[in-house]
Structures are given as structure tokens and as C-alpha cells.
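Take a look at the protein shown here.

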Amino acid sequence: MNDHFADIFTETACPSQDKLLAYVKGELSASERHEVEMHLQDCELCSEAVEGLSAISRKDQIPGWLRQAKWNVLHSLRRKNRRKKKENYYLYIAIVALVVLFMAIALYWIYHFARR
């Protein structure tokens with residue numbers, strides 16, 4: 001996967017998505033639960049994530065929804081990135097065409113005045 005599309009939890013001290021989900025489901029040990037709760041006191045992003053996950057009644061389907069949402073976001077970002085690359089390609093072609101045109105005009109001009 002591209003570095004542009006890295007998971008936001010990989011470069012922070014935040015617990016992983018799986019650990020937050022396990023916390024919401026009540027599957028963590030007491031020490032892990034305490035560690036997550038201490039983090040939630042200081043991290044607004046994770047607190048809101050846990051609050052949102054807690055509001056979902058069918059917690060067994062959350063991993064599938066998260067995968068689908070992540071795939072949708074990555075697909076959208078890749079499509080935008082492709083569009084940007086395409087625009088850069090057309091700009092490159094236009095610049096090359098202009099350079100060739102100016103060189104042709106310059107050569108014609110030099111040839112025209114050299115014959116006089």
C-alpha cells in the first residue's frame with residue numbers, strides 16, 4: 001500500500017483499531033482495559049471512536065464495516081491521485097510540445113537569417 005494512504009493509528013501512540021474494538025466488546029484483560037482507559041482520558045480522537053463504536057448494537061459486524069469504509073476511502077484517494085497524475089502528464093506533454101515548437105521556430109529563424 002502507498003505511504004500516502006497509511007492508517008492514521010500507525011504513527012501515533014493510540015491503541016490499534018482492533019484493540020479499541022476489543023475494548024468496546026469487553027474482550028480485554030483488566031490491565032489492557034486500564035491501559036486503554038488511561039489513553040482515552042487524553043485522546044479525544046480515540047474517545048470519540050470508542051463512543052461511536054459503543055453506540056453500534058451489532059458489534060460483530062463492525063470489522064467488516066471498517067474494512068469496507070477503509071476500502072472506500074482508499075479507492076477514492078487513489079482515484080483522486082490518478083486524476084492528479086493524469087493532469088501532470090498532460091502538463092508535461094504541453095511543456096514538451098512548446099519546447100519543440102520554440103526550437104523549430106528558432107531553427108527556422110536562424111536558417112532564414114543565415115541565408116541572407
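This report goes from the overall fold to one helix pair and then to the core.

## The model

This is a predicted model, in which local features need pLDDT of at least 70, side-chain atom pairs count only at pLDDT 80 or more, and totals for chains, interfaces and linings use all residues. Residues are numbered from 1 along each chain as its sequence is written, and side-chain values use heavy atoms, with hydrogens and water left out.

## Overall fold

The protein has four helices and zero strands. Helices are DSSP runs of H or I with at least four residues, strands are runs of E with at least two, and numbering starts at the N terminus. Of the 116 residues, 16% count as buried, meaning under 20% relative accessible area with a 1.4 Å probe, protein chains only.

## Two helices meet

Helix H1 (residues 17-25) packs against helix H2 (residues 30-42) at an angle of about 110°, their axes 11 Å apart. Axes are lines fitted to C-alpha atoms over the stretch in contact, and angles run from 0 to 180 degrees between N-to-C directions. H1 and H2 are therefore roughly perpendicular, a label for angles of 65 to 115 degrees.

H1 brings Lys19, Leu20 and Tyr23 to the contact, and H2 brings Glu32, Arg33, Glu35, Val36, Glu37 and Leu40. Contact means heavy atoms within 4.5 Å.

## The core

The largest nonpolar core has 14 residues. Such a core is a set of buried Ala, Val, Leu, Ile, Met, Phe, Trp, Tyr and Cys residues joined through side-chain atoms within 4.5 Å. H1 gives the largest share, five residues.

Note on methods:
Angles under 35 degrees count as roughly parallel, over 145 as roughly antiparallel, 65 to 115 as roughly perpendicular and the rest as oblique. Buried means under 20% relative accessible area, exposed over 50%, partly exposed in between (1.4 Å probe, protein chains only).
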